[in-house]
Amino acid sequence: MAKFLFAPIPFTGHVAPGLPIARELIERGHSVRWYTTHRFKSAVEKIGATYLPMSMATELDEARLNEQFPERSSLKGLNQLRYDIKRVFIDQVPPMLEDVTKAYKEDPADVVVGDNLSGVAAMLSERFEIPWGTYGISVLGFPSLDAPPFGLNIIPGRSPVEKIRNRLLNWAVDHIVFKDSIAHFHAMRATHGFPRINDTPFTFARRADVYLQCGVSSFEYPRSDLPKNVRFIGAFVPSPPSEWKEPAWWPRLDSGRPVILITQGTIANDYDELIRPGLRALKNEDATIIVTTGSNPPEAVDMPSLPENVIVEQFVPYAHLMPKVDLLLTNGGYGSVQIALTHGVPVLAFGASEDKAEIANRISWSGVGLGIRTKTPTGAQILRSVREILGSTSYKERAAAMRKELAECDAAQTSGDLLEQLLPIKSRLKRLASTM
């Protein structure tokens, strides 16, 4: 049995992708300790991992950042992003490192695992010279000669001129746009006794021993300079909950009408961005519309009268629902997009914040649907795009092809195999012997 220490950034979107990886390791007989905030204690313990609480570090909460960092509330756009990089991410690494260093000295781990923005996992690996695995929480963000910088939301070209453009834009991001943030990153490392590295707060994860990237390569931009440690693992699909029962309206999904699922995920709660405009736009369509509200009750949709073709639920298991769906209408959450594609469901995504626009670009690039870079689409945009996707066979064919590609992957098994390969040889031999 080997010992793994997980230390991703304690945000929902950073923790959730790591849970099935940790569960796979535990099912293989390994020990997993997980350093995080009390918000995720039950989720960590549910998979059989040991919860390591934060002591010196701030218990970050993505829903309360303005409260935890009052200066942040007066900033917008790029200025807020720069602030977050410095204060929310970089400045939180040293106290986190103090916590995990103490935990490591008390019970040394064989491998440390974090998400692709977890500086504490990277620095713990560096401090104690232990293997380091990381997992991507969204689309690939590494700079490349073949792609513009992540966050500029530009679809790459293929010509020599466009490659020169990419190189210039990557230089500008590092030396102009985020110059201060990068200097802050290096100053933090130097202050705590770490040598200077030829990387930034956005690229250090390419130094990991293995980088587990959710999804398949055909969803991503082609890159001739992709780091060799990047391994596409497929998508994690939630198992059907055994206790769930089909609601009374379930037979309506087999009426022969197209089924459209609308979701804004669990965090985005302003339903005037997508859900309400979507319901108004599609109210006269010959389709069944399913809306899931995530962290809020169905009443949160708060419309005077719902159209006859609409069903609103807080939660419906994707494992049961996606096989019935013809189109996912979403704000571009990476997890829900990947789950839709594992079922061959085309995607219509409207996204502009966080990584949503980059995800929207890749949806269009790969041909599995339409990605439109706005978080507040008009009814006309929604209706026109829905009709285009449902009225064409190309999107369904591309989604079906990606479904086939994803079906050839086993994300949990691949992740477990790759992380076990980081173990010292004695641990690997012991693990092999236990399975014979």
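This is a predicted model: local features need pLDDT of at least 70, side-chain atom pairs count only at pLDDT 80 or more; totals for chains, interfaces and linings use all residues.

A: On the α5 side, the contact is made by R82, I85, K86, R87 and I90; on the α9 side, D180, S181, H184, F185 and M188 take part. Sorted by class, the contact of α5 with α9 comprises four nonpolar, two polar and four charged residues. Helix α5 covers residues 77-90 and helix α9 covers residues 179-191. Their axes come within 9 Å and cross at roughly 15°. An angle under 35 degrees counts as roughly parallel, and α5 and α9 are therefore roughly parallel to each other.

The crossing of α6 past α7 is right-handed. By class, nine nonpolar, two polar and two charged residues form the contact of α6 with α7. The axes of helix α6, residues 93-106, and of α7 come within 9 Å and cross at roughly 50°. At that angle α6 and α7 are therefore oblique to each other.

E129 lies in the loop between α7 (119-128) and β5 (132-135). Its phi is near 55°, a positive value in a residue other than glycine. Most residues other than glycine have a negative phi. E129 is exposed, with a relative accessible area of 75%. Another residue with a positive phi is N153, at about 60°, although N153 is not a glycine. N153 is placed in the loop between β5 and α8 (160-177).

The cysteines complete the account. The count of disulfides comes to zero. C214 is in no disulfide, and the nearest cysteine sulfur, that of C409, is 9.6 Å away. A disulfide requires sulfur atoms within 2.5 Å, so the 9.6 Å from the sulfur of C409 to the closest cysteine sulfur, in C214, is too far for a bond. In accessibility, C214 counts as buried at 13%, whereas C409 counts as partly exposed at 31%.

Methods:
Residues are numbered from 1 along each chain as its sequence is written. Side-chain values use heavy atoms; hydrogens and water are left out. Axes are lines fitted to C-alpha atoms, for helices over the stretch in contact, and angles run from 0 to 180 degrees between N-to-C directions. Helices (H or I, at least four residues) and strands (E, at least two) are DSSP runs, numbered from the N terminus. Angles under 35 degrees count as roughly parallel, over 145 as roughly antiparallel, 65 to 115 as roughly perpendicular and the rest as oblique. Contact means heavy atoms within 4.5 Å. Ala, Val, Leu, Ile, Met, Phe, Trp, Tyr, Cys and Pro count as nonpolar, Asp, Glu, Lys and Arg as charged, and the others, Gly among them, as polar. Buried means under 20% relative accessible area, exposed over 50%, partly exposed in between (1.4 Å probe, protein chains only). A crossing is left-handed if the near helix is turned anticlockwise from the far one by less than a right angle, and right-handed if clockwise.
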